[in-house]
Amino acid sequence: MDLTRCISCFQYTPKLISPFRQQTTLKPNFTTISNNHSTISTTRMVAIKARVEGAADAETAVVEKPKLIKRFQVSEGYPAPFGATLRDGGVNFAIYSANAVSATLCLITLSDLQQNRVTEQISLDPLTNKTGDVWHVFLRGDFKDMLYGYIFGGKFSPEKGHYYDSSRILLDPYGKAVISRGEFGALGPEDNCWPQMACMVPTSEDQFDWEGDLPLRYPQRDLIVYEMHVRGFTRHESSRTEFPGTYCGVVEKLDHLKELGVNCIELMPCHEFNELEYYSYNSVLGDYKLNFWGYSTVNYFSPMTRYSSAGIDNCGRDAINEFKHLVKEAHKRGIEVFMDVVFNHTAEGNEKGPALSFRGVDNSVYYMLAPKGEYYNYSGCGNTFNCNHPVVRQFILDCLRYWVTEMHVDGFRFDLASIMTRSSSLWDSVNVYGNPLEGDLITTGTPLRNPPLIDMMSNDPVLRGVKLIAEAWDTGGLYQVGAFPHWGFWSEWNGKYRDIVRQFIKGTDGFSGAFAECLCGSPNLYQEGGRKPWNSVNFVCAHDGFTLADLVTYNNKHNLANGEDNNDGESHNNSWNCGQEGEFASISVKKLRKRQMRNFFLCLMVSQVRLNHYIHGGLLSLSGIYLYSL
């Protein structure tokens, strides 16, 4: 992750125009609900009520027998598993929220979402629809083209970490597909950047034929990993794909990757995100800025629907199946699939950001907060995911298991993984370890020697079968390359390898000894901890900073065309322009640049026999093609 790329995000506040404005004429008995940046008309409010013995005037949500509410039969439901789950001929809805005082399940048909309406609302009673801190309800009925979200009521008290707002419809953190806009980069109704979103309700028709697909389980030392941006890889017309910029487009190019010798692809963020998050006019090029990389997650269980050729068709089921199709076809060709995941922050940003899901469900649980409610910002993007909180670490584990068991993913690269080693808000060793620790002076954000989340992931029976790769640093100054808590299992992006190799090949004095260690698998970093050379993920270039072409063309960055005034992007590139700055250079300089690029590539490929190699390709920049290796 680019440690400086978020600067402009906090200098610009996009104009968000609500597409859900109250109509001049409303049907009788309609109410309006303001949701996030939107106002939604609701067609029906349903409450489940019954008499309580001994309290004639009291009304509760006790339901002794299922009652027919329009199209649904409603009963109290079950507290596990979280999310919307098929069972017993219906769907069980369960969601954690410890601090909310009320909860409402909102059901929205796909057509009603497009018409800015909520179809049904079912109020949950804390006496019958809540177990511990989990709200739940069970429904039977017709869920065709049905979506859902939640409304939570409670205190709006930012200084105490609570952002409850009963006018906002929120995404379920465990939702399996998020539906909103169908086309990448297209604005919502009335130019809204944040139109209402909702989650898919599962049905018995959710099927996919894996054709006996099994994990490839290559030894990590044998991997040639190709980092890929799903949209960028085939979006350009030169790819000559039928479905450019999509999961299907990648499938069309798998044979090409196999011919190159690639046996693993690492997909840059494919979780649902909003590319219009910082949408604004770029006066330099006369176009509009988009969040292209996707390191700003809205939902961790949902694949990015706008990377699918099907878009939001079939309430996101087609997008899920298209991602599965990519994985299955990759496996057929002997190619593993890794995902780049961002569990260090979310798209909700700081206190000025939107309430989309986690903030409105239980902000003080999901985010790392200071005593007066301020957001810690170890991610550089406004908030920090509270990874070592018991509820949050279980959420992360459930998410990773889902992508392994349901989507057949082979491994994960964790963006700014050092955040996952920091203590959570209101750290309590009794709560974490079962008893107090002598001399325990740990405060929020303190790096932990044995982080509970990393412990759980390293010893989980499902995740033990996949590759786990840490980007072992964060923007709060924690740098753990060679020292990330690993349980003998984790690998690391070796940022020191990148820096040393760049310095040596451009001719900087004093790096020959360090360069020799890089070629031998960086034993100075990994041998003492019992790890092997292949636990070092070697790379020269990646999606952050300069491309390989940039590395031999520029001494300094020149990010002016994107309208960011050269404030974005990595400044520490250790590059050399070979004698002339920029693309327009003499023939001799161009020859030298090509030779230097070959030197970088050769160095990568001979670094320790049978070591991981990381190649990043297919992303066009103004300066050339991104190639990076591991």
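**Close-up 1. Pairing of strands S20 and S25 in the predicted model.** In this predicted model, strand S20 and strand S25 (residues 336-341) run parallel and are joined by 4 bridges. Within this pair, Cys264 stands opposite Glu336 of S25.

**Close-up 2. Pairing of strands S19 and S20.** Strand S19 (residues 224-228) is likewise parallel to S20, and 4 bridges link the two. Here Val225 is the residue opposite Cys264 of S20.

**Close-up 3. The two faces of strand S20.** In a regular strand, side chains alternate between the two faces of the sheet. Strand S20 (residues 264-267) is covered on both faces. Cys264 and Glu266 lie on one side, Ile265 and Leu267 lie on the other, and all of these residues are buried.

**Close-up 4. The cis peptide bond between Ala80 and Pro81**. The bond joining Ala80 and Pro81 is cis, with an omega of about -5 degrees. Pro81 belongs to the loop that connects strand S6 (72-75) with strand S7 (83-87).

**Close-up 5. Positive phi at Asp88**. Asp88 is not a glycine, yet its phi is positive, near 50 degrees. The residue is located in the loop between S7 and strand S8 (90-96). Asp88 has a relative accessible area of 44% and is therefore partly exposed.

**Close-up 6. Positive phi at Ser522**. Ser522, also a residue other than glycine, has a positive phi of about 50 degrees. Ser522 occupies the loop between helix H11 (512-519) and helix H12 (523-526). Ser522 counts as buried because its relative accessibility is 3%, and the cut-off for buried is under 20%.

Notes
Residues numbered from 1 in each chain as written. Predicted model: local features only at pLDDT ≥ 70, side-chain atom pairs only at ≥ 80, totals over all residues. Heavy atoms only, no water. Buried < 20%, exposed > 50% of the residue type's maximum accessible area, 1.4 Å probe, protein only. Pairing = 2+ DSSP bridges.
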